[in-house]
Amino acid sequence: MIPFLDLKKQYNTIKDEILPEINDVLDNTAYVLGKKVQAFEEAFAKTHNVKYCYGVSSGTDGNHMVLWALGIGHGDEVIIPANTFIATAWGATLCGATPVFVDCHAESYNIDPKKIAEAITPKTKAIVAVHLYGQAADIDGIIEQLRIENFELREKGIFIHKTSGQKIFLVEDCAQAHIAQYKNKPVGGLGIASSFSFYPGKNLGAYGEGGAVMTNDEALGKKFKMIRDHGAEQKYVHQIYGHNYRMEGIQGAVLGVKLKHLKDWTNGRRKVAAKYNELLKDVVEIKLPKEMEYARHVHHLFVIRVRSQKSEVRSKKRDELQKFLAENGIATGLHYPIPLHLQPCFEHLGYKKGDFPVSEELAEQELSLPMFAELTNEQIEYVCEKIKEFFRK
Ligand SMILES: *Cc1c(COP(=O)(O)O)cnc(C)c1O
């Protein structure tokens, strides 16, 4: 049996480091925020070369906080890739703003910069660049398209329209991309602000829920800190609207330990990806993920595509392969089977099938193979052998 993700295997390698740290939190009754969370925030900010980092309750909450702190609200539009996890869109909807979807690029699977122009309206307030599957989005491509639309880069992540003065923020959703790089720079500081998720299955996972927000802007950082804790800087003095988005002490302790291993685990994932690529390169029926020239992929997911014949239902072969692998003890995933513009909850926005053909085709053809640093060569070879066997049938 090869699981999609084996968290137990990783835990067993670090158990001796983790338990005393958790014990310490309990001994000090530092259940919420506290020293361990703060130490982790500082280390995590440093790792991403960003000045301010705040531990929060989840990546979804982080997505919300980033847009909220930037003043986005009712009547505003936020540009989001159609191919991403739903939580990217919750950031906008929780602010009362409307998500406006854009198709993904056929090779990177991230937002296609060339298609951003048609989504921009006078109400556009932000663009969320999601570094999906562990690969950085084409940030310079986005900046270039904004320039063509007459928006000039004022400060990092802030664009102003040359005649109307309209302001657009570029923010990052880094939930799948811890220590991923864009042109040799870590993600997280490429726009005005960013959010991360530490959901257990992410490349850096807590032992419960968790997330972080980051920025290089001092005033925005201060706002993050206040929104996270009921809009207060000083206890019981609530300067602005806020919420309870605090990180738990135990999660800070766990993440502090795990961060030290993140580089090794990421290299492990890259090795697994290289092995898959090597063993599957001659299977003409599938398309392997492409590492773009500007990106250092951290392979949160290893997404292959099952090519289909023109005459058949596009998802049929993919579904058959998934079933065949399951019968042979190999767990796989679909990321994601329904693009955001076709989700029932967004029906009122009026999108229809055919609006974003690249995302739609991807949704029907993609299959995510088991991916974690501890996968053995034998396991990878077995997965690849079974894939080849399926297409030989
Ligand atoms: C996981 C994920 C989130 C949400 O993170 P949670 O911590 O689960 O709330 C947001 N965006 C993307 C792209 C994700 O993969």
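Modeller: Happy to! Tyrosine 109 and tyrosine 133 are both buried, meaning under 20% relative accessible area with a 1.4 Å probe, protein chains only. This is a predicted model, where local features need pLDDT of at least 70, side-chain atom pairs count only at pLDDT 80 or more, and totals for chains, interfaces and linings use all residues. Residues are numbered from 1 along each chain as its sequence is written, and side-chain values use heavy atoms, leaving out hydrogens and water.

Biologist: Thanks! How many aromatic pairs does the structure hold?

Modeller: There are 15, counting Phe, Tyr and Trp rings (six-membered ring for Trp) with centres within 6.5 Å. The rings of tyrosine 109 and tyrosine 133 have centres 6.1 Å apart and planes at 75°, so this pair is edge-to-face (planes over 60 degrees apart).

Biologist: Which residues form one aromatic cluster?

Modeller: Trp90, Phe101, Phe346, Tyr351 and Phe356.

Biologist: Switching to helices: at what angle do α2 and α7 pack?

Modeller: About 40°, with the axes of α2 (residues 35-47) and α7 (residues 249-259) 8 Å apart. Axes are lines fitted to C-alpha atoms over the stretch in contact, and angles run from 0 to 180 degrees between N-to-C directions. Helices here are DSSP runs (H or I, at least four residues), numbered from the N terminus.

How values were computed. Helices (H or I, at least four residues) and strands (E, at least two) are DSSP runs, numbered from the N terminus. Rings of Phe, Tyr and Trp (its six-membered ring) pair if their centres lie within 6.5 Å; planes under 30 degrees apart count as stacked, over 60 as edge-to-face and the rest as tilted. Buried means under 20% relative accessible area, exposed over 50%, partly exposed in between (1.4 Å probe, protein chains only).
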